[in-house]
Amino acid sequence: MSARYLLGIDVGTTAIKAAVFDTDGIEVGSFTAEYTLLTPRAGQVELDVETYVTTFALAVRGALQEAAVPASEIAVLGLSAQGETFCCLDNDNQPIGRAIVWMDTRAAAEAEIIEEHFGRPTLQTTTGQVSMDSIYPAAKLLWLRTHEPKRFQNTAKFALLKDYLVYRMTGRLTSEDSLLCTTMLWDINTRRWWPEMLDYLGITPEQLPEIAPQGDIVGLLTASAAAELGLPAGLPVSVGALDQACGALGIGNAEPGIFSESTGSALTSVTITDELTLDPAGRVPCFPSAIAGQYMLHCFSTGGMVMRWYRDNFCSSEMQVESLCGINAYYLIDQEVAQVEPGCEGLIVLPHLQGSGPPDLDAYARGTIFGLTLAHKKQHLSRGVMEGVTMVLRRMIEATAQLGIKVSEIISLSGGAKSAAWCQIKSDATGLPLRTLLSAESAACRGAALIAAVGAGLIESAAPIARQSIDFDRSYQPNPQHTKTYDELFERYGMLEKALKPLLKPAEAAG
């Protein structure tokens, strides 16, 4: 094969990034295309499926241009994608209505109904997930059956977003293990659909995609898709893996003993295990990793999205400066945060704008700003947002460590890793050293590209190349002077979450 470059595409919550790599995992060019999610009512998050398709094409064409690599030199295409986001397809595999985005929590009541029917122990031992969550497709399918019965009845296929994009490229509707476990339709033990859940929801295996191992080559790029993407027809296409699995692999987190966190649209943590590991306390979920036969302990929350919400709604002056002078708005927010002492003079921000994920799974959780006084200014809120998300991270570390996993340092990636102020807060609040990586922004694309290259027979193993292709950037050490402040904040944060539970659930349920 004369082609010598790999194309990895990461379908994120608010953007799609495509990146071109050589077979040593070194990035030669990338491009990101954004979109804006639709929120028609409280708890609902959607997007037109065609928006994903057109943005996908923009990202691919942009990456090829930035890399200055001829399309004929691309050897394989690999996909990384958000979990849970799904769409309904008709008999011609055309979307019926909008895609329902992963962070949509409309199905909170349905999640409770399913959990009560099956029980948490059965849910966990079958899927690896610790409980039923409103973001999971099974809950949303029950919601559709109840609230949009016509759409439910007219659906020939229920497909995750990545499955549909694979279909658009190859004509084959295929999914894989790492993405399927949070559908709650799939059995982590058998790698097959879970018959009892399908029966309960009133759907059949024929309404669901084929199942392939992570990274498998599942088809060749069709002529029509090639024309849309600017790629050669016949290009091998990999089924890919979950974005968090690809991202962990892309930074070399592919063996036990490494703990990584990603603060992007979602806040997530990953540590690898060689065996299926189910948390007896029912807090930390277990997923298949990007490498078939391997697993990852993976916590997640919508908390990371709060910083973008904060920027868009409270930082118009910073965004104006960015527009006029080119100084990044997040950099300006960082400068504001540096003006405030740890603890924000008693201000606490709970960042649960769309519920909270494991280890403190609660679909009814909501964002809260607590403790405001006349002494507080905007910069206190800026720091409060960062500290609030960091308290979620500390809970993730605590729950992971209680499984006997030693967490001695944090590897930080995604947008949050660019913030020096936020990285220092994370180190201080957790008491752990933290390191960021060069080229970590393309970690999910790299992971997807490398497992695709393995699937295509271009390389033997993804993990060694991933480790060799990244370098550490900055290091942060915890400041012991701030330990007491953050210990107290962590305790008060937990008390506030607990105190709000009875106030939030009845109001949400009544709505």
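How many salt bridges does the structure hold? The structure holds 25 salt bridges, a salt bridge being a side-chain nitrogen of Lys or Arg within 4 Å of a carboxyl oxygen of Asp or Glu. This is a predicted model, in which local features need pLDDT of at least 70 and side-chain atom pairs count only at pLDDT 80 or more, while totals for chains, interfaces and linings use all residues. Residues are numbered from 1 along each chain as its sequence is written, and side-chain values use heavy atoms, with hydrogens and water left out.

## Salt bridges

Helices (H or I, at least four residues) and strands (E, at least two) are DSSP runs, numbered from the N terminus. E73 is buried, with a relative accessible area of 18%, whereas R4 is partly exposed at 48%. In these terms, buried means under 20% relative accessible area, exposed over 50%, and partly exposed in between (1.4 Å probe, protein chains only).

R311 counts as buried at 16% relative accessibility, whereas D312 counts as partly exposed at 37%. Elsewhere, salt bridges that share partners join E46, D48, R98, D104 and R106 into one network.

## Arginines and aromatic rings

One member of that network, R98, lies in the loop between β6 (86-89) and β7 (99-100). R98 is partly exposed, with a relative accessible area of 31%.

A charge sits over a ring if NZ of Lys or CZ of Arg is within 6 Å of the ring centre and within 35 degrees of the ring normal. R435 likewise lies over the face of F472, at 3.5 Å from the ring centre.

## Aromatic pairs

Rings of Phe, Tyr and Trp (its six-membered ring) pair if their centres lie within 6.5 Å; planes under 30 degrees apart count as stacked, over 60 as edge-to-face and the rest as tilted. By this rule the count comes to eight aromatic pairs. One of them is the edge-to-face pair of F118 and Y200, with 5.5 Å centre to centre and 75° between the planes. Since F118 lies in helix α2 (residues 108-118) and Y200 in helix α8 (residues 195-201), the pair ties together parts that are 82 residues apart in sequence. F118 is buried, with a relative accessible area of 14%, and Y200 counts as partly exposed at 23% relative accessibility.

The rings of F152 and F158 have their centres 5.7 Å apart and their planes at 40°, so this pair is tilted. F152 and F158 are both buried. F118 and Y200 also belong, with W194, to one aromatic cluster.

## Cysteines

The structure holds zero disulfides, a disulfide being a pair of cysteine sulfur atoms within 2.5 Å. For C181, which is in no disulfide, the nearest cysteine sulfur is that of C286, 8.1 Å away. C181 counts as buried, at 0% relative accessibility. The sulfur of C344 is too far for a bond because the closest cysteine sulfur, in C315, is 14 Å from it. C344 is also buried, with a relative accessible area of 0%.

## Nonpolar surface patch

W309, F314 and L353 form a nonpolar patch on the surface, with about 260 Å² of accessible area together. Patches are made of residues with over 30% relative accessible area and no salt bridge: like charges are joined within 9 Å, and nonpolar side chains (Val, Leu, Ile, Met, Phe, Trp, Tyr) within 5 Å. Accessible areas come from the Shrake-Rupley method with a 1.4 Å probe; for residues, only the protein chains shown count as cover. W309 is found in helix α11 (residues 305-314) and is partly exposed, with a relative accessible area of 36%.
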